[in-house]
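Subject: Handing over the two-chain model

Hi there,

Here is the structure I promised to pass on to you. Have a look at it first, and then read my notes below.

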Amino acid sequence: MRRLVRVAALLLACSPAFATEPSEMLKDPALEARAREIGRALRCVVCQNQAIDDSNAEVARDMRRAVRERLAAGDRDEAVMAFMTARYGDYVLLKPPFKPGTLVLWLGGPLVLLLAGGALLLAARKRRAPEPPAPLSEEERARVDALLRRDDA
Amino acid sequence: MNRALFLLPLMMLVILAGFFGWSLLSGRDPASIGSVMIGRPAPALPFATAELKSGKPVLVNFFASWCTPCLAEHPLFMRLKEREKATIVGIAWKDKPEAARAWLARLGDPFAAVGFDQDGKLALDWGLSGVPETYLIDAKGIVRLHFRGPLTERDLGTILPLLKAGS
């Protein structure tokens with residue numbers, strides 16, 4: 001058991017590798033944590049879908065530095081994000097913003113799911129409750145009786 | 001109703017094929033990150049203020065002596081300067097000033113003014129992703145064009161009318 005705990009502790013201590021170099025980091029751990037958070041949400045503009053926090057590209061390093069400079073200057077997280085989108089557009093955000101241009105992106109999936117679910121529900125209900133057959137008319141009953149009697153004979 | 005349901009997969013196939021076909025044929029570049037600079041006032045430069053305030057369209061080119069595509073587009077800038085009398089401001093990005101100067105001395109200097117952005121701070125204000133990138137700023141100081149990557153002969157078709165417009 002004790003060995004298991006030790007292994008778990010070791011695994012916890014191993015954080016994933018980041019491109020952020022020690023020399024870039026801020027002295028204030030709280031600020032650095034915010035910078036990391038922001039760095040993970042910003043997309044490197046020359047890499048294929050990599051966050052600036054994970055990228056070794058020159059531009060990504062410059063962007064990481066700019067994020068830390070803004071934070072050190074007292075900017076709020078939203079202001080830092082706005083600083084980046086003002087320069088690189090929404091492309092720089094790994095999570096696309098919710099706005100008219102991205103409605104299909106955000107709502108398309110759930111909408112198709114709802115439609116398909118609704119259609120499935122309707123179909124299932126239809127199958128479960130088949131329409132009861134219409135009762136026989138007097139004429140039909142007489143014919144059935146006659147046929148049955150003939151079989152008995 | 002049932003027949004329409006049978007057609008659904010076919011409809012989806014048609015929609016997907018249409019989208020893929022359009023993507024292939026429209027020349028759309030999915031890797032293009034676009035530019036939000038277009039239509040905005042050009043970010044300030046700590047140099048070349050006279051060139052940017054001249055009331056004429058100006059080309060701003062980020063380059064580096066270590067950058068091969070910059071070498072490829074260089075003759076085009078020489079031509080723009082010599083034949084079209086274009087005002088071009090060069091910014092050496094992440095390059096040693098002496099290396100950039102030697103590069104220009106060797107190949108020819110198409111720039112009316114050269115600045116240096118060794119730490120890439122200036123580039124961030126311009127929304128630069130790398131070198132080479134070129135901006136056209138009109139007579140009023142508004143960014144009109146932004147090319148990511150080397151200029152080619154074909155780009156002159158969009159650049160020249162705008163260059164002429166203000167001068």
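Let me start with B:Lys94, which sits in the loop between S2 and helix H4 (97-107) of chain B; helices (H or I, at least four residues) and strands (E, at least two) are DSSP runs, numbered from the N terminus. The phi of B:Lys94 is positive, near 50 degrees, although this residue is not glycine. B:Lys94 is partly exposed, with 19 C-beta neighbours inside 10 Å. For that term, a residue is buried if 20 or more other C-beta atoms lie within 10 Å of its own, exposed if 12 or fewer, and partly exposed in between, with C-beta atoms placed from the backbone.

Before going further, please keep in mind that this is a predicted model, in which local features need pLDDT of at least 70 and side-chain atom pairs count only at pLDDT 80 or more, while totals for chains, interfaces and linings use all residues. Residues are numbered from 1 along each chain as its sequence is written, and chains are lettered from A and ligands numbered from 1 in the order in which they are written.

Two other loops in chain B deserve a look. B:Lys85, in the loop between helix H3 (68-82) and strand S2 (87-93), also has a positive phi, about 55 degrees, without being a glycine. B:Lys85 is exposed, having 10 other C-beta atoms within 10 Å. The loop between helix H5 (121-125) and strand S4 (133-137) holds B:Pro132, which is joined to B:Val131 by a cis peptide bond with omega of about -5 degrees.

Now for chain B as a whole. It has six helices and five strands, in the order α-α-β-α-β-α-β-α-β-β-α along the sequence. Its radius of gyration is 21 Å, whereas a compact globule of 167 residues would be near 15 Å; this value is taken over C-alpha atoms, and the globule rule is 2.2 Å times the number of residues to the power 0.38. The C-alpha atoms fill a box of roughly 75 × 35 × 30 Å along the principal axes. An automatic or database domain assignment gives domain 1 (1-30) and domain 2 (32-166) in chain B, and their C-alpha centres lie 41 Å apart. Buried residues account for 32% of chain B.

Contact here has C-beta atoms, placed from the backbone, within 7 Å. Leaving aside residues up to four places away in sequence, A:Met63 touches A:Leu42, A:Ile52, A:Met84 and B:Leu124. After H3(A) comes A:Gly74, with a positive phi near 100 degrees.

Finally, the contact between the chains takes eleven residues from chain A and ten residues from chain B. On the chain A side, H3(A) provides the largest share, five residues.

Enjoy exploring!

Best wishes

Note on methods
Contact = placed C-beta atoms within 7 Å.
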